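Biologist: I'm new to this one. Can you put it up and walk me through it?

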Amino acid sequence: MFALILFLAFLLPFIHATEPKSRTVNPDLNARLKLAATNFDRQALLTKDSDWWYDFDNHPNYNSAVGAVITADAASFPALTNLGISIALLKLAPCGMLPPHFHPRATNLVTAITGNTTSWMIGENGVKTIRVNLTPMRMTIFPQGSLHVMQNNDCEPALLLSALNSDDSGTDNIMPSLWTVPQDIIRAGLGNPTINTEDLGKDIPKVGTGAIMGSAECQQRCGILHGKE
Ligand SMILES: *[C@@H]1O[C@H](CO)[C@@H](O)[C@H](O)[C@H]1NC(C)=O
């Protein structure tokens with residue numbers, strides 16, 4: 001019994017580890033890699049074989065019930081510093097969703113490995129909203145700064161691989177971001193000065209693992225009872 005409590009106490013920090021972006025694991029190493037005069041000097045800072053691999057399945061959010069975005073970038077994997085690329089594993093639960101977001105510093109190529117995930121991408125004001133069904137081995141493009149959102153249509157998990165041409169791409173989830181400005185400003189933006197934006201915004205999911213539950217239609221179709229994560 002005591003051992004069980006100890007075991008659960010050990011697991012607790014991992015279960016609750018849903019920070020939107022992990023803190024940089026070794027900022028001092030990032031700084032020294034940026035200052036290295038040559039690749040020779042740079043590699044002298046990365047002498048262990050283990051400096052050169054990243055285990056996506058080691059991340060505390062890897063087994064999140066709702067899914068997760070697990071990103072190998074300069075912050076989580078210092079050897080990527082200054083290399084101008086990062087890779088994210090997108091794990092979506094049945095009906096899981098990546099809420100509307102954009103990457104301020106990277107174009108994003110997403111390839112479906114399993115599942116059937118629909119994405120919508122809006123490149124800028126006035127252009128057509130591009131809809132893609134990401135079935136296995138199909139890739140789509142989310143250009144730098146474009147708004148995009150995706151949902152797994154299937155009643156089983158979906159796996160996708162996401163490449164970004166920055167080692168520090170950044171992500172901005174527009175719904176929680178928008179609700180950080182004053183409510184009267186949001187009301188004006190919505191074109192309705194009397195709408196109750198506090199009430200409208202109270203259930204906007206936090207960034208969490210990067211994934212949230214998708215549409216009610218999907219959840220009903222798949223018999224998923226919990227409405228929210
Ligand atoms: C993927 O899901 C969409 C939306 O539900 C559906 O229209 C499409 O037929 C599905 N594609 C495949 C290959 O199952």
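Biologist: Is Cys95 buried or exposed?
Modeller: Cys95 counts as buried, because 26 C-beta neighbours lie inside 10 Å and the cut-off for buried is 20 or more. This is a predicted model, and Cys95 sits in the loop between β2 and β3.

Biologist: What about the phi of Cys95?
Modeller: The phi of Cys95 is positive, about 65 degrees, although Cys95 is not a glycine. Most residues other than glycine have a negative phi.

Biologist: Where is Met137, and what is its phi?
Modeller: Met137 is in the loop between β6 (130–134) and β7. Its phi is also positive, about 75 degrees, and Met137 is not a glycine either.

Biologist: Why does Met137 count as exposed?
Modeller: Because Met137 has 9 C-beta neighbours inside 10 Å, and exposed means 12 or fewer.

Biologist: Which strands is β4 joined to?
Modeller: Strand β4 (residues 108–114) is joined to β7 (residues 139–142) by 4 bridges, and the two run antiparallel. In that pairing, Leu109 stands opposite Ile141. Strand β4 is also antiparallel to β9 (residues 158–164), with 6 bridges. There, Thr114 stands opposite Leu159.

Biologist: New topic. What surrounds the ligand?
Modeller: Asn116, Thr118, Asn133, Thr135 and Asn153 surround the ligand. The shell divides into 5 polar residues, no nonpolar and no charged.

Biologist: And the chain as a whole, how many helices and strands?
Modeller: The protein chain has 7 helices and 11 strands. Of its 229 residues, 30% are buried. Among contacts with a separation of 6 or more, 75% are between residues 24 or more positions apart.

Biologist: What is the mean pLDDT of the chain?
Modeller: The mean pLDDT is 91, and 88% of the residues reach 70 or more. Over residues 6–19, though, the pLDDT is below 50, and that stretch has 6 contacts in the model beyond near neighbours in sequence.

Methods
Residues are numbered from 1 along each chain as its sequence is written. This is a predicted model: local features need pLDDT of at least 70, side-chain atom pairs count only at pLDDT 80 or more; totals for chains, interfaces and linings use all residues. A residue is near a molecule or strand if its C-beta atom, placed from the backbone, lies within 6 Å of it. Ala, Val, Leu, Ile, Met, Phe, Trp, Tyr, Cys and Pro count as nonpolar, Asp, Glu, Lys and Arg as charged, and the others, Gly among them, as polar. Two strands pair if DSSP finds at least two bridges between them. pLDDT is the predictor's confidence in each residue, from 0 to 100. Two residues are in contact if their C-beta atoms, placed from the backbone, lie within 7 Å.
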